[in-house]
Amino acid sequence: MHISEGILPFSWALFWYLAVLPFVALGVKRLNAQAREDLSMKPLVGLLAAVVFIISCMPIPVPTAGTCSHPCGTGVAAILVGPLVSVLIAAVSLLIQALFLAHGGLSTLGANTFSMGVIGSLAGWLAFRGARRLGGSLALSGFVAGLLADWGTYAATSLILSLGIRGDAPLMPLLGRVVLAFIPTQLPLGILEGVITAGMVTLLYRKRPDLLLKMRVISEKELPSHASI
Amino acid sequence: MPQYKRRWKMLLLHMIILPTLFFGIYSFSLAPKSWEGVDEAVVEKIAKEHGREAREPLIDPGSGDLLLFGFLLAGAVGGFAAGYFWRQLITKD
């Protein structure tokens with residue numbers, strides 16, 4: 001989903017920077033508020049940023065398509081620390097990737113943060129909360145969150161790319177073409193991201209349910225009987 | 001197990017197994033596989049067709065496997081550190 005340096009025209013690159021700015025500012029504000037309540041939040045967010053950084057630049061070969069792609073990781077980040085802090089995490093990860101790995105670019109950082117950070121995090125968080133409200137287990141809700149965060153990110157990338165490069169051409173045929181080109185790779189990879197997210201949430205529930213309680217992912221009623229807080 | 005839970009589990013199972021089977025069979029096709037990243041295979045390719053080409057990055061990491069080696073080294077060091085301090089990581093004070 002990394003749109004490389006120079007692909008978007010200046011006007012669109014600026015537009016996506018402006019669009020993402022309020023979310024990043026709110027993310028910083030939210031993180032500071034959380035850190036005032038609990039000092040361990042900042043190291044935890046730092047750890048999650050490292051996880052998202054690795055996940056979102058790790059190429060995974062997809063034999064069905066003959067290409068490589070990467071999951072996003074913002075689904076699990078949004079579940080654990082909320083969508084606003086997850087936007088901040090995505091912005092930092094994408095900035096480091098753009099600076100040192102030539103993944104994405106500085107001019108397209110706003111656009112890439114919007115798709116992976118804003119859309120990915122919101123899709124993952126809403127899916128998780130929605131599935132939990134419908135009575136879904138942690139694993140199922142985590143799976144749906146990871147799946148929709150991934151697919152949402154790539155759908156947003158398709159739209160951003162199509163808007164930026166279409167010129168005078170009609171939007172919908174180009175958008176359809178980009179979406180179709182992503183499907184063979186991203187359809188299975190989204191399912192993989194769902195499984196990874198479900199696995200991470202379930203593992204945390206088994207090993208450190210107190211962390212999930214602290215981050216308001218579960219309520220006290222849902223704590224396993226062996227857990228101590 | 002309650003009926004609705006059984007239904008959810010069956011639905012989830014189908015959501016995973018059916019696409020996996022479909023793509024598993026599809027992957028045996030003889031189409032050439034370039035193993036390019038989708039960023040190049042989709043984003044840059046379609047952008048180029050519309051007259052937008054990717055520029056050189058500000059800090060060019062170069063080509064070849066040097067960067068990969070750096071990542072591998074960092075991964076090995078990080079993995080060793082995480083393994084060494086595993087008990088401190090997973091146990092609560």
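Colleague: What share of the 229 residues in chain A is buried?

Modeller: Buried residues make up 56% of them. Bear in mind, as we go, that this is a predicted model. The predictor gives the complex an ipTM of 0.80 and a pTM of 0.83.

Colleague: Where in chain A does A:His103 lie, and which residues does A:His103 touch beyond four places in sequence?

Modeller: A:His103 belongs to the loop between α4 and α5 of chain A. Setting aside residues up to four places away, its contacts are A:His2, A:Cys57, A:Gln97 and A:Ala98. There is also a pair to look at in A:His103 and A:Ser4: 99 residues separate them in sequence, yet their C-alpha atoms are 6.8 Å apart in space.

Colleague: How do you know whether chain A agrees with a compact globule?

Modeller: Set its radius of gyration against the globule rule. For 229 residues the rule gives a value near 17 Å, and chain A has 18 Å, so the two agree. Along the principal axes, the C-alpha atoms of chain A fill a box of roughly 60 × 40 × 30 Å. Among contacts between residues at least 6 apart in sequence, 72% join residues at least 24 apart.

Colleague: Which elements build chain A, and which build chain B?

Modeller: Chain A has eight helices and two strands, running α-α-β-β-α-α-α-α-α-α from the N terminus on. Chain B has four helices and one strand, in the pattern α-β-α-α-α along the sequence. In chain B, buried residues make up 10% of its 93 residues.

Colleague: Why is α3(A) called mostly covered?

Modeller: Apply the burial cut-off residue by residue: eight of its eight residues are buried. They are A:Thr74, A:Gly75, A:Val76, A:Ala77, A:Ala78, A:Ile79, A:Leu80 and A:Val81. What covers them includes α2, α4, α5, α6 and α7 of chain A. Just after α3(A) comes A:Gly82, with a positive phi of about 95°.

Colleague: Which residues of the largest nonpolar core touch the most other members?

Modeller: A:Ile79 and A:Ile89 do, in a core of 77 residues. Two or more residues each come from α1 (10–37), α2 (41–55), α3 (74–81), α4 (83–101), α5 (109–133), α6 (138–165) and α7 (171–207) of chain A, together with α2 of chain B. The largest share, 15 residues, is from α6(A). As for A:Ile79, leaving out residues up to four places away, it touches A:Gly124, A:Trp125, A:Phe128, A:Gly142, A:Ala145, A:Val201 and A:Val217.

Colleague: How many residues does the contact between the chains take?

Modeller: It takes 35 residues from chain B and 37 residues from chain A. On the side of chain B, α1 (3–26), β1 (36–37) and α2 (38–49) give two or more residues. The most come from α2(B), with eight. By class, that side has 22 nonpolar, four polar and nine charged residues.

Colleague: What is the predictor's confidence in chain B?

Modeller: Its mean pLDDT is 76, with 76% of its residues reaching 70 or more.

Definitions and conventions: Residues numbered from 1 in each chain as written. Chains lettered and ligands numbered in written order. Predicted model: local features only at pLDDT ≥ 70, side-chain atom pairs only at ≥ 80, totals over all residues. Contact = placed C-beta atoms within 7 Å. Nonpolar A, V, L, I, M, F, W, Y, C, P; charged D, E, K, R; others polar. Core = buried A, V, L, I, M, F, W, Y, C linked by C-beta atoms within 7 Å. Buried ≥ 20, exposed ≤ 12 C-beta atoms within 10 Å, placed from the backbone. pLDDT = per-residue confidence, 0-100. Rg over C-alpha atoms; globule rule 2.2 N^0.38 Å.
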